[in-house]
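Student: I have a structure open and would like to go through it piece by piece. Can you help me read it?
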Amino acid sequence: MKTPRFLKRASLLALCLCAGEALADARLEARRHFRAGMSLIAQKQYDQGIAELEAAYAIKPHPNVLYNIARAYHDAGRLQEALDAYKRYLASNPPDAATVVTTVAVLEEKLKAAESATAAAAPEDTSALPMPPPPASIQAQQQLGVLLERLEKAIERAESMPVASAPTVAVPVSTPAARPEGPEVSGADEGAVPYEERVVTASRRAQSSLEAPNATTVITAEDIRLSGATSLPELLRRVPGADVMSLGVGSANVSLRGFNQRIANKVLVLVDGRTEYQDFLGLTLWSTIPIGLEEIERIEVIRGPGSALYGANAMLGVINIITQAPGSGPRARFSATAGTGNSAAGSFVSHGSSGALRYRASAAYSQADKWSRDFANGRPDMELKEPDPDLGLRGARATLSTVYTFAEGRQVGLSGGVHRYTTEIYPLGTLRNYFMDGVTAYAKGDAELGPLKLKTFWNHISGDAGPQYEPIGQRTLVRSVSSNLFNAELLFARAFQLGGEHQLNVGVEGRLKRVAWDYLGPLRQEVHAAAFVQDEWRLVEPLRLVASYRVDRHPLLDNGQPGLAHSPRVSALFIPFEGQAFRASAASAFREPTFLESYTRIPVPVPGVNGASALTTGSTSLRAERLTAFELGWRGESAELGLDWDVALYQNTVRDLIGLSAVQRLPAGESYDEASGSYLLGRSFFQNEDAVYTARGAEAGLSMAPVDGLGVKVSAAFQSVTSDREEKAECGPCSQAPQLKLYGGVTYRTKADLEFGLDAAFTSSSTWIEREPAAADPTRIELLSNPLKAHTVINARVGYKAVPDTVDVALVGSHLGGAHSQHPFGNRIERRVYATLTVTP
Amino acid sequence: MSRPTPTHSRKKMALGSLVLASLLGLGCEPPTVVPTADGRQNTRNARIEGSLVVQSRARGNAVVFLYDADRPPPPQGTGRPISFTVIPAEQLFGPALGTDAPGPFTAPFTFSLVPAGRYLLRGFIDADTCGGAAAQPCHRPDFIPWYGVTSEPNAGDVGGAAVDPTTGVPLTLEVTADADGQPQPLTGVSVSFSDSARVPLDRPAFQVQGDPTMGSAMKVLRLQRLAIQDGAVDQRPPGFLVSYVDANRDGTPDDANADGMPDFSLRVVVRKLAEGLHSVEENDLNRDGVPDATGVDYMHADGTQDGNPDVVVLAAGLVPDPLIAALTDEQGQPRMQPVVVQELQLAVRPLALDARNPAAPAPLREMPRGRYAVVLIQSTGQTWRVPNELDPAVAPGVGLPSVESQAFVLEVP
């Protein structure tokens, strides 16, 4: 009988949607299985319990799960399985290996004895009737009682650890011999507590995100893969309170809790602790970062001030991109992407080791056309200045990261990378769409000697930058820029007891910045220094206090002379129940003036008046922008339901914002600028604004993995920014910050190796107040209001494991919500579709 | 999970490759052109470009102005430049900058972002006349476009204009638009400068003597020559250059308005100023010389209002007798060559006119109250007006010298 076609399709759909061992949010799912398993084991339902633990381990390997499997078998009297599980656990080189080796030896003795006894009794047994099991001895019953008690405690904590005093270490590193090779390792859970979300950015040491003094959001490698995102900023839309504003395919500005702008300069972006903040202009050039998405282990986003630990520019938050540890991934992984918009990308990542040396190497290429162009070719009034008018971004990059481990807690790391890039920038004031074509490079050295960590790095960026289009006959603003940054940092961490447990972190830092850029005049050089201390004091359970303080020496902050910026932070954490943390914090943070704001002197041509320029100048007497923040937060989790959530209420008060003044007439004798051969109609200079801005907001984020295969993430952020001096119509920071941002994402993975992902990010309308030469008289610079409609960014991905663990294919649609702009001067963003093939031979 | 068979794997790989390959051919369309909210992306412009041709011993930056042909500059009109460009002396004269070689010298120039329309090009070399054999008064380059008192040529500067290269006649240039409305660039324009167009005198700087309050009777004000040499301002006129108008070149003074009096090359305008703005003319708040789209509309003498912002002037003219005396030779014949006089008498009648149409000014029912400026226009196109930026209330703020007399305004109470 012929099967109707619709039944075939329905069957296929059912097959696709039937979740078996599938997972969406691996950590949450593994945690749910782990919790269920421990609960069943406590109820002596060993088979089911162990199956749950095995399921958790299959989703996300963690050695402590193996330990608990071993204990469960042991308790169930299934000594051979227990022995096998203990040996698997020992293979991970756990800190309590000596104890477990003893246990293994005892078990092996028992099994030998049992085998001998079985061999001796075998002839009798074959003819004898089955006998009831012997009554357990009193000693065995006592042992069982102890074990049960231990298991119950473990369940109460939702986390079982083989050794209660196992040290909390920053990103535990196994010795090379203990680290198994293969793709599964990169997804392993490495925290001391199984399936606990861990962060290293909030306190500069590894800790549970429950214990973090700030609101934190973690984006895992799995999130990145399932999202299908092709850029870092796109990933950040899922962070509650994040303002992600794409102006071009390679140009995005990201801020947290408002204050976004064409050069977003109040969020510090780090890659493995190395800054990606470009001091010459004061922004993060996302598309020049030499790290690809395929190399990222996770991204930690600290929403809230971070200057107490990270110093300047960590004003509204810190985004720390943590790459895969060398040697933790496959020996080779190739990926190729092609799509609309002339998009093409290819990457190769390799992990490996030789003795105590581990490495990660990568090479990649990517390109994509702009979503839209501002001007057509062949115009009679405008000429092209950039290398390719269609190109939004293009880059070829390579990185190498190595770690040599001498002994436990003693290792040296060396890494470096280079990126040849072309991208877009949207600068300030009356300047518009720039291109930048050049090279970034970095070299980094890390040394870990027990409690001491030394980190040094060099950042370089250079290239040509200037307007993509300029009026024919107008003096060009295309110039070369070269920036070098040298940084050294020494950290010391120690735990001690004094009226409770203390975790002390101390650090000192020095930084040299050198910028050569015609916009700034001669070569500019600054030397910065800083020191910080943080103490986390477990005063009494369940209360913890975290106090941090950092002082930064800046060469100009005292009215052009060296001055200090102080950044204190105090947080209280109240953890009344396992998995529920309430926090309250007060902190201050700052953003230092950029080189552009301090030193620039640019005669900006007045459009259509070739003999005139408007002079933009910096000021070396600027004060730092200051933030005072108060925050209340609640972070919780429900392992049984597969839920994590975070709620935050905050008030940010921002003072001394640095902005451009109105154009002011110059003294008559200074009107002619010989260098540019033009008359200066006036001067606009960087200044600290008198207005005080207050941002109040609420954020909530929820992650769910309620059933196998399904992952759901939703978040909402509401914000209002007010000024004490400006009406909303005149207040840029007030009207430019979207009041409401919503995010929802669903991922679903099926038994048939299909993956579905869909996410949507809604941003409410806003009004951008921007400078523009008056239409009637371009020598007058006006502030114009540009309304921006609300928009929703919708992305979707369908993935298929064509050959498990070897070949993945995926189809990704981005910006499916339709054409829109995220800034009045940005590209009109269009839908794009990509296909990706990933091969892990 | 069981491992797939090799055949199964190959099929899956083929499927995956097919999906990838199917997209490889997509998306090669270039990005579309979509102007953003940036105003500059929403205009349709072209450009005017060409060369300067300088035959002069003068040395200095060349400044070229772009005017709307319908609003020519003084002396033909009262238009102000739409744009200007500067060709630095180093670029224009090159190695000859330190010499007095007469040239010719050439250098390219461009006016960017020019919409379709008809234009005039005028210019001058902002000469440094204080060299070895300096004539007096000599000037350092002193052009500053942003202030009325520094934005015109002085003695020794060399004038220029876009002219027909064969006839030397000043040209009206036209930027045309194609069928789609896209303006087309105008290239190959020549702007000529010659020593024959040297500016003979400084601007007609003056101070006003007389009661500044306008009554119901005719008022006579005395305009006296004023020399200012302070800071960025260097005006040392020997007097006011005046001559009869002889447009038809018949050797006799013209009388265009047939009032029985000869026409003089010096013209004077008494123009109403905007309230609350120092020296900004009423209904021309953007200072482009064109009446604003919206503004004050006064009742005309016939009891009507035309619905347009008015260009209010007071009926005024130079008292002719002293000028006729100066322009009469010993034989009692009109002297057709210009003469320099030290003082002018300005007669202001208690009558306001709407000069929106300069050819047919319309009387207003009454004189609007407020402040009025006095503007003097010389035959060279050089002008002077009071009040100006030398008013002590303004001058310190813009780095100009304070001159008390330059604060004068004629008040209509």
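Student: Strand 5 of chain A, residues 251-256: mostly covered or mostly open?
Tutor: Mostly covered. This is a predicted model, and in it six of the six residues of strand 5 of chain A are buried.

Student: Which residues are on each side of strand 5 of chain A?
Tutor: Ser251(A), Asn253(A) and Ser255(A) are on one side, with Ala252(A), Val254(A) and Leu256(A) on the other. Both faces are covered.

Student: And how does strand 4 of chain A pair with strand 5 of chain A, parallel or antiparallel?
Tutor: Antiparallel, over six bridges; strand 4 of chain A spans residues 242-248. Within that pairing, Val244(A) stands opposite Val254(A).

Student: What joins strand 4 of chain A to strand 5 of chain A?
Tutor: A hairpin, which runs through two residues.

Student: New topic. How many residues are in the largest nonpolar core?
Tutor: It has 107 residues. Those that touch the most other members are Ala62(B), Leu121(B), Val268(B), Val270(B), Leu346(B), Val374(B) and Leu376(B). In soluble globular proteins, nonpolar side chains tend to be buried together.

Student: Take Leu376(B). What does it touch, leaving out residues up to four places away in sequence?
Tutor: Leu376(B) touches Pro204(B), Phe206(B), Leu223(B), Leu266(B), Val268(B), Thr383(B) and Trp384(B).

Student: Where are the domains of chain B?
Tutor: The domain assignment puts domain 1 at 43-198 and domain 2 at 206-412. Their C-alpha centres are 27 Å apart. In the contact between them, domain 1 of chain B takes part with 17 residues and domain 2 of chain B with 19.

Student: What kinds of residues does domain 1 of chain B have on the side that touches domain 2 of chain B?
Tutor: Eight are nonpolar, five polar and four charged.

Student: Now the two chains. How many residues of each are in contact?
Tutor: 56 residues of chain B are in contact with 56 residues of chain A.

Student: Which element of chain B gives the most to that side?
Tutor: Helix 1 of chain B, with ten residues. Among the other elements that supply at least two residues each are strand 2 (46-55) and strand 5 (105-114) of chain B. By type, the side of chain B that touches chain A has 32 nonpolar, 18 polar and six charged residues.

Student: Which strands pair across the two chains in the parallel sense?
Tutor: Strand 15 of chain A, residues 372-373, pairs that way with strand 1 of chain B over two bridges. There, Arg373(A) has Val33(B) as its bridge partner.

Technical notes:
Residues numbered from 1 in each chain as written. Chains lettered and ligands numbered in written order. Predicted model: local features only at pLDDT ≥ 70, side-chain atom pairs only at ≥ 80, totals over all residues. Buried ≥ 20, exposed ≤ 12 C-beta atoms within 10 Å, placed from the backbone. Helix = DSSP H or I, 4+ residues; strand = E, 2+ residues; numbered from the N terminus. Pairing = 2+ DSSP bridges. Core = buried A, V, L, I, M, F, W, Y, C linked by C-beta atoms within 7 Å. Contact = placed C-beta atoms within 7 Å. Domains from an automatic or database assignment. Nonpolar A, V, L, I, M, F, W, Y, C, P; charged D, E, K, R; others polar.
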